[in-house]
Amino acid sequence: MSYVREVLGDGEALRYEARFPWYLHAFAWGSLLLLGLVVIGILIFLSIMIRIWTTEMVVTSERVIYKRGWISRSTEELAIDSVEEVNLNQGFIGRIFNFGRIDIRGKGEGLISLPNIASPAAFIKALADAETRTSHHSHA
């Protein structure tokens with residue numbers, strides 16, 4: 001069971017789960033195939049894939065959650081209603097292959113910096129949709 005599914009509150013719904021871009025998977029598998037007979041290929045593959053397998057970057061109906069780690073765990077969470085600013089950093093190659101980094105600033109000291117993710121605009125849209133739903137509920 002994933003960390004995020006373990007910590008979802010009553011009535012809290014998973015809205016979007018970000019994924020790492022395809023090139024990270026390709027590099028891991030390419031390293032394994034090309035260097036697999038050498039220990040270095042296996043180590044490169046495992047270092048990349050363990051990061052992919054143990055990282056969660058999600059938008060729920062209540063918060064943004066960024067969880068990293070397997071043996072030791074690090075989490076960053078920011079309530080949707082405290083999100084103040086969302087910035088996308090996407091270079092030329094990122095635009096072509098649809099990946100980019102997202103920084104999410106909360107009111108006060110909160111900052112979540114996501115690594116390159118696939119479809120960053122979809123993540124930002126899910127965050128905006130969650131903010132809209134949260135503001136409608138608080139005004140109702």
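Helices (H or I, at least four residues) and strands (E, at least two) are DSSP runs, numbered from the N terminus. This is a predicted model: local features need pLDDT of at least 70, side-chain atom pairs count only at pLDDT 80 or more, and totals for chains, interfaces and linings use all residues. Residues are numbered from 1 along each chain as its sequence is written, and side-chain values use heavy atoms, with hydrogens and water left out.

View A. L33 lies in helix α2. Its relative accessible area is 71%, so L33 is exposed (buried means under 20%, exposed over 50%, partly exposed in between; 1.4 Å probe, protein chains only).

**View B. S82 in the loop between β4 and β5.** S82 counts as buried because its relative accessibility is 17%. The S82 side chain reaches the backbone oxygen of A79 at 2.9 Å. This is listed as a polar contact (N or O atoms within 3.5 Å; within protein, one must be able to donate a hydrogen and the other to accept it, and residues adjacent in sequence count only if both atoms are side-chain atoms). Neighbours within four places in sequence aside, S82 is in contact with R105, G106 and K107 (heavy atoms within 4.5 Å).

**View C. Salt bridges around E17.** Side chains of opposite charge can pair when their charged atoms come close. A salt bridge is a side-chain nitrogen of Lys or Arg within 4 Å of a carboxyl oxygen of Asp or Glu. The whole structure holds six. One of them joins E17 and R5, at 3.9 Å from N to O. This pair links distant parts of the chain: E17 sits in strand β1 (residues 14-17) and R5 in helix α1 (residues 3-7), 12 residues apart. E17 also meets R19, at 3.5 Å from N to O. E17 is partly exposed at 22%. R5 is partly exposed at 42%, while R19 is exposed at 52%.

**View D. The salt bridge of E76 and R68.** The N to O distance is 2.9 Å. E76 is partly exposed, with a relative accessible area of 23%. R68 is partly exposed as well, at 26%.

**View E. Aromatic pairs that involve W22 and W29.** A pair of aromatic rings is described by the distance of the centres and the angle of the planes. Rings of Phe, Tyr and Trp (its six-membered ring) pair if their centres lie within 6.5 Å; planes under 30 degrees apart count as stacked, over 60 as edge-to-face and the rest as tilted. The count comes to five aromatic pairs. W22 and F97 have ring centres 5.5 Å apart and planes at 65°, so the pair is edge-to-face. W22 lies in helix α2 and F97 in helix α4 (residues 92-97), so the pair ties together parts 75 residues apart in sequence. W22 is partly exposed at 48%. F97 is partly exposed at 40%. W29 and F45 are also edge-to-face, because their planes are at 65°, with centres 4.7 Å apart. W29 is in helix α2 and F45 in helix α3, 16 residues apart. W29 is partly exposed at 43%, whereas F45 is buried at 9%. W22, Y23, F97 and F99 form one aromatic cluster.
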